[in-house]
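I opened a new notebook page for this protein. Below are my entries, in the order I looked things up.

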Amino acid sequence: TDLHRAMRMAQRSQSSGLYNDQGKELKMLMRFQPHTRQQTNAKMVYLSKGQLFKKAPDVPVFVAEGLAAEKRGKQVLPLFLQREELDRVWARMQMKSDGALP
């Protein structure tokens with residue numbers, strides 16, 4: 001995915017190939033910032049569960065325990081960075097489960 005590629009680029013310590021007027025190499029700084037809509041979605045989830053918070057999550061992550069799957073003999077719980085993506089996957093799984101999921 002794009003996130004995987006971006007994370008690999010951020011973790012590499014290769015040269016930027018850019019230099020300032022004094023010949024010193026310019027460093028690249030990559031920051032990952034969630035979309036404001038996803039921060040709002042996270043706030044709505046907190047509030048809908050009656051949870052209060054002093055500060056919104058810096059990086060909202062959405063989880064649905066009913067989507068746990070087994071991989072290599074272990075339970076795996078997928079994490080989503082977008083609420084809409086979680087909703088799409090949940091709807092797809094509901095259709096495949098013939099109503100077994102709420």
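**Entry 1: N41.** In which helix is N41 found? I located N41 in helix 2. The model I am reading is predicted, so I kept in mind that local features need pLDDT of at least 70, side-chain atom pairs count only at pLDDT 80 or more, and totals for chains, interfaces and linings use all residues. Residues are numbered from 1 along each chain as its sequence is written, and side-chain values use heavy atoms, with hydrogens and water left out.

Is N41 buried or exposed? I found N41 to be buried, because its relative accessibility is 17%. The terms I use are buried for under 20% relative accessible area, exposed for over 50%, and partly exposed for in between (1.4 Å probe, protein chains only).

I then listed what N41 touches. Setting aside neighbours within four places in sequence, N41 is in contact with F62, R83 and E84; contact means heavy atoms within 4.5 Å. The side chain of N41 also makes a polar contact of 3.1 Å with that of Q38. A polar contact is a pair of N or O atoms within 3.5 Å; within protein, one must be able to donate a hydrogen and the other to accept it, and residues adjacent in sequence count only if both atoms are side-chain atoms.

**Entry 2: the fold.** I counted three helices and two strands, and along the sequence they run α-α-β-β-α. Helices (H or I, at least four residues) and strands (E, at least two) are DSSP runs, numbered from the N terminus. The protein has 102 residues, of which 13% count as buried. Among contacts between residues at least 6 apart in sequence, 26% join residues at least 24 apart.

**Entry 3: salt bridges.** How many salt bridges are there? I get two, taking a salt bridge as a side-chain nitrogen of Lys or Arg within 4 Å of a carboxyl oxygen of Asp or Glu.

One is between E84 and R37, with the closest N and O atoms 3.6 Å apart. E84 lies in helix 3 (residues 83-96) and R37 in helix 2, so this pair ties together parts 47 residues apart in sequence. I noted E84 as partly exposed, at 28% relative accessible area, and R37 as partly exposed, at 47%.

R83 and D87 also form a salt bridge, at 3.2 Å from N to O. R83 and D87 are four residues apart in helix 3, and therefore about one helical turn separates them. R83 is partly exposed, at 29%, and D87 is partly exposed, at 38%.

**Entry 4: the surface.** The protein exposes about 9,000 Å², and carbon and sulfur atoms supply 53% of that area. Accessible areas come from the Shrake-Rupley method with a 1.4 Å probe; for residues, only the protein chains shown count as cover.

Which residues form a nonpolar patch on the surface? I wrote down V59, V61, V63, L77, L79 and L81, with about 500 Å² of accessible area together. Patches are made of residues with over 30% relative accessible area and no salt bridge: like charges are joined within 9 Å, nonpolar side chains (Val, Leu, Ile, Met, Phe, Trp, Tyr) within 5 Å.

V61 lies in the loop between helix 2 (36-48) and strand 1 (69-71), and V61 is partly exposed, at 41%. L81 lies in the loop between strand 2 (74-76) and helix 3, and L81 is partly exposed, at 39%. The C-alpha atoms of L81 and Q38 are 7.6 Å apart, although 43 residues separate them along the chain.
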